[in-house]
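This report looks at how side chains pair with one another, taking salt bridges and aromatic rings in turn.

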Amino acid sequence: MLPTLAHEQVMNMKNMLDHEVDHPQLHDHLVNAFGPNYNKAEIKKTVDRLAGGAFDIGSTNAPNTGEYAGVAAKTSSNARTARVGITEAFHKLTPEAQAGALLHEASHAIALTKDYFGPDAHNHIDSLKSENGKTEGTKSGYAHTDLDHLKQHASDVMHKNADSYRVFGHTATHGLAKPLPPIEVKPQHPCHSKSDGKDCSLQ
């Protein structure tokens with residue numbers, strides 16, 4: 001099972017999908033996370049798998065080097081297993097950002113979601129075109145990069161996008177008005193030790 005905050009977000013998504021009559025804004029949440037041509041049946045399958053699934057945790061404090069350089073967490077998988085590694089950077093995120101990162105990785109590990117989409121069969125988009133009609137290259141499904149573009153041009157496959165579940169989990173828990181928290185490092189307290197003459201014992 002996911003840690004408390006991430007699990008809460010999964011169950012809030014599931015509750016909205018299971019009880020649509022009680023959640024008249026469900027459509028708005030799904031458009032916000034997946035785009036106007038969302039596939040609700042496939043989204044529900046993924047959320048149900050997240051609610052009942054499990055995955056292996058590898059390292060819980062991996063150094064941010066090599067394959068873990070620049071990431072808070074990463075999923076490694078093969079044909080039989082998937083394992084999520086948590087890095088040093090993860091522990092510098094806010095609790096809400098940690099929940100989102102875990103939800104993103106859980107969707108990879110449990111539901112085989114993706115981060116990148118392009119105009120080829122491997123990325124499941126037959127034609128990803130710009131406004132001038134030219135075929136574009138691969139786009140990132142992360143909320144802070146190309147998700148808005150993908151929602152506009154490839155909404156029908158965004159149920160395969162990992163970060164869309166991070167977005168949906170956030171709005172299902174906090175509402176559509178609250179901005180998605182950035183994946184940012186917590187500010188370090190100015191008092192690190194007593195070596196600089198400051199008494200940190202009460203801070």
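This is a predicted model: local features need pLDDT of at least 70, side-chain atom pairs count only at pLDDT 80 or more; totals for chains, interfaces and linings use all residues.

Partly exposed describes a residue whose relative accessible area falls between the buried class, under 20%, and the exposed class, over 50%; at 29% relative accessibility, Asp48 therefore counts as partly exposed.

| Salt bridge | Closest N to O distance |
|---|---|
| Asp18 and Lys44 | 2.9 Å |

Lys14, Asp18, Lys44 and Asp48 are linked in a network of salt bridges. Asp18 lies in helix α1 and Lys44 in helix α3, 26 residues apart; Asp18, at 34% relative accessibility, counts as partly exposed, and Lys44 does so at 25%. Asp148 and Lys151, by contrast, both lie in helix α5 (residues 147-153), three residues apart, or about one turn of the helix. Asp148 counts as exposed at 55% relative accessibility, whereas Lys151, at 11%, counts as buried.

Turning to the rings, a search of the whole structure finds three aromatic pairs. Phe34 and Tyr165 form an edge-to-face pair, with 5.1 Å from centre to centre and 70° between the planes, and this pair links helix α2 (residues 26-34) to helix α6 (residues 162-174) across 131 residues. Both Phe34 and Tyr165 are buried. Phe34 also pairs edge-to-face with Phe168, at 6.2 Å centre to centre and 75° between the planes; because Phe34 lies in helix α2 and Phe168 in helix α6, this pair ties together parts that are 134 residues apart in sequence. Phe168 counts as buried, at 0% relative accessibility, and ring pairs link Phe34, Tyr165 and Phe168 into a cluster.

Key:
Residues are numbered from 1 along each chain as its sequence is written. Side-chain values use heavy atoms; hydrogens and water are left out. Rings of Phe, Tyr and Trp (its six-membered ring) pair if their centres lie within 6.5 Å; planes under 30 degrees apart count as stacked, over 60 as edge-to-face and the rest as tilted. Helices (H or I, at least four residues) and strands (E, at least two) are DSSP runs, numbered from the N terminus. Buried means under 20% relative accessible area, exposed over 50%, partly exposed in between (1.4 Å probe, protein chains only). A salt bridge is a side-chain nitrogen of Lys or Arg within 4 Å of a carboxyl oxygen of Asp or Glu.
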